[in-house]
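New notebook page. I want to look up the pockets first, then a strand and its partners.

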Amino acid sequence: MLLEVVSSANEGWSSDLNWRYPILKQNHPNLIIACYHPLMGASFGDSLGIVETTTYVNEFFPGYPYGSIDRSDFSGTIDRNRGQWDTDLPIRSNMPSPVSVQIYGRLDRKDHELLLDVFSTILDPNLNQKLGLSIYIIEDSIVKSGPGFDQLNNYNSNTTHANYQAGNPIVNYPQRRVVREVIPNNDAWGDTAVFPINYTSHVAYQKNLILPLNPDWNIDQLSIVAFVSEYGPSKFDKEIFNAAEVKLNNIISNTENTVSYTHLTLPTIYSV
């Protein structure tokens, strides 16, 4: 399951998220969390926003810090507030997934480069929606200070909250699970070229790519998230069918830059 959350350093209720994330992961071990920051200049924008995450914020979320669970429809709404997440997540987890997603790759630390293979297998022969594959680079625990980074804190005077008297703003606040890059870069809703129009069940559709990593990012805090979603016209036609995550520290590492890399080969009839 993918929980997409909107957050901003320039919005005071977002300071609630840092203590909430570990609790969510403890209660839902298979949960993947992606945090969207809007661009500076947008409503509540901060210094961690990018174009694609601003698109998601505008499409799905009316307030902070709202979230969506696999972009699934809960009684006519995609956006869910924090008080609904623990109730909604078990409901979603009991729904079988029509797609499986696997991530493999090699990390070249010297050249700050990731060679990636993502395999998506259709499990449900009745699935017929147009599909897209999306890949996120997520950085956890980003600690920076200054405008656009210092976290406004609406809980500074709340004696029952973990951020009581932490400051307003909180300087050197660790921003969690921040989406740093979205692939493809030219379409926030996914790469449809991975899947043919008439895709077949129980076949692995493969995406090969080379990703340069920004040297300002902390490689030890980076992870890759890949997911398959419906590619449709409205926000109710963008359901995420399955997602996978791998930390870069758990990807084969080529630290000396001397090991050649060969893309993995699994049974597939379509590779891009």
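This is a predicted model: local features need pLDDT of at least 70, side-chain atom pairs count only at pLDDT 80 or more; totals for chains, interfaces and linings use all residues.

I listed the lining and got 24 residues, with Met 1, Asn 30, Asp 70, Asn 242 and Ala 243 nearest the pocket's centre. Which element gives the most to this lining? I found that it is E12, with 5 residues. H1, H3 (82-93) and E12 (240-247) each supply at least two residues here. Sorted by class, I have 13 nonpolar, 6 polar and 5 charged residues around the largest pocket.

Next I checked the second largest pocket, at about 270 Å³. I see 16 residues lining it, and Asp 140, Arg 176, Arg 177, Glu 245 and Lys 247 are the closest to its centre. H1, E2, E11 (222-230) and E12 give two or more residues each, and H1 gives the most, with 3. The class count for this second lining is 6 nonpolar, 3 polar and 7 charged.

Then I turned to strand E1, residues 2-6. Is it buried or exposed? I noted that 5 of its 5 residues are buried. Leu 2, Glu 4 and Val 6 point one way, while Leu 3 and Val 5 point the other.

Last, the partners of E1. I found E2 (residues 32-36) paired with E1 in the parallel sense over 5 bridges, with Leu 2 opposite Ile 32. With H1 (residues 17-27), these two strands make a right-handed β-α-β unit. E3 (residues 67-69) runs antiparallel to E1, joined by 3 bridges, and there I have Glu 4 opposite Ser 68.

Technical notes:
Residues are numbered from 1 along each chain as its sequence is written. Side-chain values use heavy atoms; hydrogens and water are left out. Buried means under 20% relative accessible area, exposed over 50%, partly exposed in between (1.4 Å probe, protein chains only). Helices (H or I, at least four residues) and strands (E, at least two) are DSSP runs, numbered from the N terminus. Two strands pair if DSSP finds at least two bridges between them. A crossover is right-handed if, with the strands pointing away from the viewer, the path from the first strand over the helix to the second runs clockwise. On a 1 Å grid over the protein atoms alone, a cavity is a set of points where a 1.4 Å probe fits but cannot get out, and a pocket is an open set with protein on both sides within 12 Å along at least five of seven lines; lining residues have an atom within 4 Å of a point. Ala, Val, Leu, Ile, Met, Phe, Trp, Tyr, Cys and Pro count as nonpolar, Asp, Glu, Lys and Arg as charged, and the others, Gly among them, as polar. Grid points are joined across faces, edges and corners, and a volume is the space filled by probe spheres set on the points.
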